[in-house]
Amino acid sequence: MKLLRFRGITLELHPTFYLLPLFVAWEGWHDGHWHGVVENLWAIVLVYICLVLHEFGHALTAQRLGLPVKHILLLPIGGMALLQNMPRKPRTELLITAAGPAVNFAIAGIALVLLRGWPPGMDDVDQPTFHVVGVLKFLLLANLWLGCFNLLPAYPMDGGRVLRALLAYKLDYLEATRWAVIIGYFVAGSGIVIGLLTGTYTLVVLFLFILYVGNWEYRHLRREMEIPPILEPRDLGR
């Protein structure tokens with residue numbers, strides 16, 4: 001489903017996108033009935049606005065560097081800016097990748113400045129501005145979390161792509177991708193274990209998706225370059 005178009009870039013919703021809003025609405029109902037539903041949906045709307053801005057940071061930077069952008073796809077667990085051709089120069093990939101978290105840190109910085117400049121006493125629960133202060137605090141924390149989380153070195157997250165770009169200064173592009181994916185296995189695996197131990201099953205699903213996409217991207221790149229896989233089937237039995 002096409003949602004909007006900006007600077008020639010289409011924002012599209014994946015058919016599974018609605019699963020997360022339905023899930024958080026159900027959790028809200030369980031915690032506080034209609035009040036909980038509204039509160040959770042507002043929170044998820046704000047998070048997705050920040051995610052869209054994050055992805056446009058990637059996409060517009062790619063455009064500026066001469067790389068056409070297919071579209072931005074929103075999934076239940078995040079977004080993806082799909083480029084016509086992936087950058088093969090480390091500097092280009094670093095600039096495109098860093099633009100996403102930079103947007104989140106910029107939003108967090110703006111929220112912090114507005115909070116510091118807010119008149120004293122205006123955050124009292126009896127004041128009509130209470131919700132504005134609450135939104136600013138939420139934007140500050142949510143964007144700090146989004147920016148830092150995306151910089152985890154788990155390919156194909158932004159941190160994994162930064163790692164791949166840095167490795168590509170010394171290794172060929174496919175070998176750099178291979179090592180970024182392998183390191184991403186350990187990071188995502190740790191995230192899955194933490195999610196299972198803490199009962200945070202959304203985190204488990206997120207890291208499983210990261211593992212799947214990272215492996216898929218590597219295999220796709222390997223097929224393009226006709227290079228053997230990371231592990232041959234016979235190696236798995238050793």
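Modeller: Go ahead. This is a predicted model, and a reasonable place to begin is the largest nonpolar core, which has 26 residues.

Biologist: Which of the 26 residues touch the most other members?

Modeller: I9, Y48, A62, V69, I72, L74 and L83 do.

Biologist: Which elements give two or more residues to this core?

Modeller: Strand 2 (9-13), helix 1 (19-64), strand 3 (69-75), helix 2 (90-116) and helix 3 (130-150). Helix 1 supplies the largest share, 10 residues.

Biologist: Take I9. What does I9 touch, leaving out residues up to four places away in sequence?

Modeller: L4, F56, A59, L60, Q63, V69, H71 and I72.

Biologist: And what is in the second core?

Modeller: The second core is separate and has 9 residues, including F149, M157, L206 and F207.

Biologist: Step back a bit. How many helices and strands are there in the chain?

Modeller: There are 7 helices and 4 strands. From the N terminus, the order is β-β-α-β-β-α-α-α-α-α-α. The chain has 238 residues, and 40% of them count as buried.

Biologist: What part of the contacts is between residues at least 24 apart?

Modeller: If you take contacts between residues at least 6 apart in sequence, 59% join residues at least 24 apart.

Biologist: Confidence next. What does the chain average in pLDDT?

Modeller: The average is 81, and 84% of the residues score at least 70.

Biologist: Which elements have the lowest and the highest mean pLDDT?

Modeller: Helix 7 (residues 233-236) has the lowest, 43, and helix 4 (residues 158-167) the highest, 93. Over residues 229-238 the pLDDT stays under 50. For that stretch the model has 9 contacts beyond four places in sequence.

Biologist: Let's stay with helix 4, then. Why is helix 4 described as largely enclosed by the rest of the structure?

Modeller: Because 7 of its 10 residues are buried. Those are D158, G159, G160, R161, L163, R164 and A165.

Biologist: How does helix 4 pack against helix 5?

Modeller: Helix 5 covers residues 173-198, and the two axes are 8 Å apart at an angle of about 140°. The pair therefore counts as oblique. The crossing of helix 4 over helix 5 is right-handed.

Biologist: Which residues make the contact?

Modeller: On helix 4 they are G160, L163, R164 and L167. On helix 5 they are Y173, A176, T177, W179, A180 and I183.

Biologist: Those helix 4 positions look spaced out. Why do residues three or four places apart point the same way in an α-helix?

Modeller: Because an α-helix has 3.6 residues a turn.

Biologist: What about helix 2 and helix 4, how do their axes cross?

Modeller: At roughly 160°, coming within 9 Å. That makes helix 2 roughly antiparallel to helix 4. Helix 2 passes helix 4 in a left-handed crossing. P90, E93, L94, T97 and P101 of helix 2 meet D158, R161, V162, R164, A165 and L166 of helix 4.

Biologist: Last one. How do the axes of helix 5 and helix 6 cross?

Modeller: Helix 6 covers residues 201-225, and its axis comes within 9 Å of that of helix 5, crossing at roughly 165°. The two are therefore roughly antiparallel, and helix 5 passes helix 6 in a left-handed crossing.

Notes
Residues are numbered from 1 along each chain as its sequence is written. This is a predicted model: local features need pLDDT of at least 70, side-chain atom pairs count only at pLDDT 80 or more; totals for chains, interfaces and linings use all residues. Side-chain values use heavy atoms; hydrogens and water are left out. A nonpolar core is a set of buried Ala, Val, Leu, Ile, Met, Phe, Trp, Tyr and Cys residues joined through side-chain atoms within 4.5 Å. Buried means under 20% relative accessible area, exposed over 50%, partly exposed in between (1.4 Å probe, protein chains only). Contact means heavy atoms within 4.5 Å. pLDDT is the predictor's confidence in each residue, from 0 to 100. Axes are lines fitted to C-alpha atoms, for helices over the stretch in contact, and angles run from 0 to 180 degrees between N-to-C directions. Angles under 35 degrees count as roughly parallel, over 145 as roughly antiparallel, 65 to 115 as roughly perpendicular and the rest as oblique. A crossing is left-handed if the near helix is turned anticlockwise from the far one by less than a right angle, and right-handed if clockwise.
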